[in-house]
Amino acid sequence: MDRYARWNALLELLTESGRVTVEEASERLDVSQATIRRDFDQLAQQQMITRTRGGAVANGVSYDLPLRYKSAKHSAEKQRIGEAAARLVTPGTVVGLNGGTTITEVARALAVRPDLNAGGEGSQLTVVTNALNIANELLLRSRMKIVVAGGVVRPQSFEVVGPLGGALLKEVTLDIVLLGVDALDVELGAASHHEGEASMNSLMVARAKRVVVIADSSKLGGHAFARICPIGKVETLVTDSGAPASTIAAFREAGVDVITA
């Protein structure tokens, strides 16, 4: 288990119990106590936990982890979801992408599709994004036209937020937006942990002809601080096969087309 995967696991343990000792964490993760102490110290330096004598306590009930720490979580599911979502995109269209690890997999799947990178008249894909890492991923690996919204960058997600980027989004029209979310619920809709990201995502939804939510099964039925849009705005959900049948049925009953990868 690499460092980021351990940190994910430790933060999940703290979310569950509020307090974890070095001995407990060492046993649960099957690594040495010395390694756990170093991990706790490094997480405490980043103010993600509070160090205690012999262990650590949670700083809060929910963590908005930096993107680089999330990559190991549900990675196989996210890759399958990304490939399935990329198949919804057709050449010559304008696609909106926000940020997050699952959308990063969508971008990687789009970048390797030859029909989206042929360069012929009418076939070039235009991608509008507010995530710097998504723009960089596509610039390095594709021949697509990349439009980046301006504003203030959140280091946790590499997403740009604020009125500067919002002004650009109000002036464009998207054929489809592939939207990563922190939570999706039939009653509460799509939501994000951060209000700035939710605001930018809401603008993308408002400017899109088709809204596709990209979320692994762990995000379904949950809730987050800031709403992006109601469920009625979501045409399609792309998730993984781990989603419970009852959850899938509830989304379909609400009029959402569900694709499982």
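User: What's the bridge partner of Ala191 in β13?
Analyst: Arg227 is the partner of Ala191 there. Before going on, this is a predicted model, where local features need pLDDT of at least 70, side-chain atom pairs count only at pLDDT 80 or more, and totals for chains, interfaces and linings use all residues. Residues are numbered from 1 along each chain as its sequence is written, and side-chain values use heavy atoms, with hydrogens and water left out.

User: OK, and in which sense do β11 and β13 pair?
Analyst: Antiparallel, over three bridges, between β11 and β13 (residues 226-229). Strands are DSSP runs of E, at least two residues, helices are runs of H or I, at least four residues, and both are numbered from the N terminus. Two strands pair if DSSP finds at least two bridges between them.

User: What about β10 and β11, how many residues sit between them?
Analyst: Three, and the two strands form a hairpin. β10 (residues 183-185) and β11 (residues 189-192) pair in the antiparallel sense over three bridges, with Leu184 standing opposite Ala190 of β11.

User: Switching to the open sheet: what's the strand order?
Analyst: β1-β3-β2, three strands with antiparallel pairing. β1 (19-21) and β2 (49-52) are the edge strands, each pairing on one side only. From one strand to the next the twist averages 25°.

User: Which residue does Thr21 stand opposite in β3?
Analyst: Gly55. The pairing of β1 with β3 (residues 55-58) runs over three bridges, in the antiparallel sense.

User: Which strands does α2 lie across?
Analyst: Helix α2 (residues 22-29) lies across β1, β2 and β3, at about 80° to β1. Helix α3 (residues 33-45) lies across β1, β2 and β3 too, running at about 130° to β2. Axes here are lines fitted to C-alpha atoms, for helices over the stretch in contact, and angles run from 0 to 180 degrees between N-to-C directions.

User: And how do α1 and α2 cross?
Analyst: The axes of α1 (residues 3-17) and α2 come within 11 Å and cross at roughly 125°. That makes α1 oblique to α2; angles under 35 degrees count as roughly parallel, over 145 as roughly antiparallel, 65 to 115 as roughly perpendicular and the rest as oblique.

User: Which residues make that contact?
Analyst: Arg6, Ala9, Leu10, Leu13 and Glu16 come from α1, and Ala25, Arg28 and Leu29 from α2. Contact means heavy atoms within 4.5 Å. By class, the contact of α1 with α2 has five nonpolar, no polar and three charged residues. Ala, Val, Leu, Ile, Met, Phe, Trp, Tyr, Cys and Pro count as nonpolar, Asp, Glu, Lys and Arg as charged, and the others, Gly among them, as polar.

User: New topic, α6 and α7. At roughly what angle do they cross?
Analyst: Roughly 15°, with the axes of α6 (residues 101-111) and α7 (residues 132-141) coming within 9 Å. So α6 and α7 are roughly parallel to each other. Ile103, Thr104, Ala107, Arg108 and Ala111 of α6 meet Asn133, Ile134, Glu137, Leu138 and Arg141 of α7. That contact of α6 with α7 divides into five nonpolar, two polar and three charged residues.

User: Last one: how many residues of α6 are buried?
Analyst: Ten of the eleven, so α6 is largely enclosed by the rest of the structure. Among them are Thr101, Glu105, Val106 and Leu110. Buried means under 20% relative accessible area, exposed over 50%, partly exposed in between (1.4 Å probe, protein chains only).
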